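Here is a friendly walk through a protein model, from its overall build down to single residues. Please keep the viewer open as you read.

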Amino acid sequence: MSETVDLLLRGAHLLDRDGPVDVAITGDRIASVGTVTGTAREMLELGGRLVTPGLVESHIHLDKALLDDRVVSTTGTLEEAIRLTGAAKRTFTVEDIRARARRVLDLAVRAGTTAMRSHVEVDPIIGLTGMEAMLPLREEYAPALDLQLCAFAQEGIVKAPGTEGLLRRALTMGADLVGGCPYNDTDGLEHIRIVFALATAFGVDADFHADFADEPEHLHVREIASQTVRAGWQGRVVVGHLSELSAVPGYRQDEIIAEIVGAGVGVICLPATDLYLMGRRDESNVRRGLTPVRRLLAAGVPVALASNNIRNPFTPVGTADLGHMAFLAAVAAHMGTPAELRALLSAITLHPARLLRLPDYGLAPGCRADLVVWDCARPEEAVATIAPRTLVIKRGRVTIEARHEIHERWR
């Protein structure tokens, strides 16, 4: 390639190529990958650093993030987290939600996130306040991040009359998709049916919090898979948590995973939350509470890793850096070989991009130029060391440039 390009990244290491290459960007698209001999309006020497597509946060709750200064949990259980957060919601205002969301969005952008799906709670407690707070942030952060908003029924639908109507209003306001939480309702199957009815009526995707328990008390994923096929919604449905799948014998896991594969349902593992909340009643041999990531990947299920909650009763820690989720999963999901570490990098890039159905995502010519430069050369190193991000590029423009300086004065 010899014509003038807008931005040239020289000397980049990529996931699927040996040796350094050049990445040329014209406008908001990748123009070429290889050896570039032409000129560029801006050229950045990467020195062999790793370049990946932008990180994709597929499951986060911006509206209830950063509550650690006002809500204190004592038992650390899921039931307590739902109860305490439900009570805290009564005091939320548009300004409060938006301010906390901005703080988390800023953290995520600095860490290399270029696309995100946030659940926004819609129920009789908070009404549509969360939607009113979040909708303007889509446009505000568009230069740095694509933000999807999921109208989410955390408090149930059947047991919370009025929620279905509020979900309809949220979708009319501009929510991108609809989300459900059947394990927190009095009739999980009817909950699932209502969510699919809304998804198909409005032509949007469906995103479920499902099967979040130590024992296989629900296994709603089987009904979700069945209704996905019945609705013709393959490739448009995801489930988060799915910790119950790890509680059944291997042969049953394989049976259920086959149903997930057949329905084209994606899975999102939420390592920080699931490790924190599951196994709370185990006095010995405490369970990890993660969905069987390796088994799902081996079967061809697209598995994403996501942050879920940031510093609230569901997860008391959090940085909004997906690098931490990959690092945590390497240990907790027993994924430490070079191939497995690379798979974890795909779980915060390629797989969640597929689940969010992001158009033209990747590193091939013609793809949108949403990229991250890591301060390391090998993909495995990015996960194993939580390598710093030195550059973030969104639609062909550098949005974040980080400089990491350490002066070792003791020497």
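## The chain as a whole

Keep in mind that this is a predicted model. The protein chain holds 13 helices and 16 strands. Its C-alpha trace spans about 65 × 55 × 45 Å along the principal axes. A compact globule of 411 residues would have a radius of gyration near 22 Å, and the 21 Å of this chain agrees with that.

Buried residues account for 59% of the 411 residues. Among contacts between residues at least 6 apart in sequence, 77% join residues at least 24 apart. The accessible surface comes to about 16,200 Å², and carbon and sulfur atoms contribute 50% of that surface.

In soluble globular proteins, nonpolar side chains tend to be buried together. Here the largest nonpolar core has 102 residues, and Phe208 and Trp374 touch the most other members. Helix H2 (residues 94-110) gives the most to this core, with seven residues. A second, separate core has 19 residues, among them Val23, Leu44, Leu363 and Ala369.

Setting aside neighbours within four places in sequence, its contacts are Gly180, Pro182, Ile192, Val195, Phe196, Ile224, Val237, Val238, Val239 and Gly240.

Which residues of helix H3 (residues 129-140) are buried? They are Thr129, Gly130, Met131, Ala133, Met134, Leu135 and Leu137. The elements covering them include H2, strand E7 (113-121), strand E8 (146-152) and helix H4 (163-173).

Helix H6 (residues 221-231) buries Val221, Ile224, Ala225, Gln227 and Thr228. One of these, Ile224, is also among the contacts of Phe208. The cover over the buried residues of H6 includes helix H5 (188-202), strand E10 (205-210), strand E11 (237-241) and helix H7 (250-263). After H6 comes Gly232, which has a positive phi near 70 degrees.

An α-helix has 3.6 residues a turn, so residues three or four places apart point the same way.

Most residues other than glycine have a negative phi, and most peptide bonds are trans. Arg311 is not a glycine, yet its phi is positive, about 55 degrees. Arg311 sits in the loop between strand E13 (303-305) and helix H10 (322-332). With a relative accessible area of 26%, Arg311 is partly exposed.

Asp360 likewise has a positive phi, near 55 degrees, and is a residue other than glycine. Its place is the loop between helix H12 (350-355) and strand E14 (371-374). Asp360 counts as partly exposed because its relative accessible area is 41%, between the 20% and 50% limits.

## Single residues and their distances

Beyond residues up to four places away in sequence, Ala12 touches Gly19, Pro20, Val21, Val23, Leu46, Arg49 and Val51.

Val36 belongs to the loop between strand E3 (29-34) and strand E4 (40-45). Although it lies in a loop, Val36 is buried, at 3% relative accessible area. Its C-alpha atom is separated by 57 Å from that of Glu79, 43 residues apart along the chain. Ala31, in strand E3, is partly exposed, with a relative accessible area of 31%. From Ala31 to Ala65, 34 residues apart along the chain, the C-alpha separation is 38 Å.

Thr93 occupies the loop between helix H1 (78-89) and H2, and is partly exposed at 37% relative accessibility. Thr93 and Glu132 are 39 residues apart in sequence, while their C-alpha atoms are 9.6 Å apart in space.

Conventions
Residues are numbered from 1 along each chain as its sequence is written. This is a predicted model: local features need pLDDT of at least 70, side-chain atom pairs count only at pLDDT 80 or more; totals for chains, interfaces and linings use all residues. Side-chain values use heavy atoms; hydrogens and water are left out. Helices (H or I, at least four residues) and strands (E, at least two) are DSSP runs, numbered from the N terminus. The radius of gyration is taken over C-alpha atoms; the globule rule is 2.2 Å times the number of residues to the power 0.38. Buried means under 20% relative accessible area, exposed over 50%, partly exposed in between (1.4 Å probe, protein chains only). Contact means heavy atoms within 4.5 Å. Accessible areas come from the Shrake-Rupley method with a 1.4 Å probe; for residues, only the protein chains shown count as cover. A nonpolar core is a set of buried Ala, Val, Leu, Ile, Met, Phe, Trp, Tyr and Cys residues joined through side-chain atoms within 4.5 Å.
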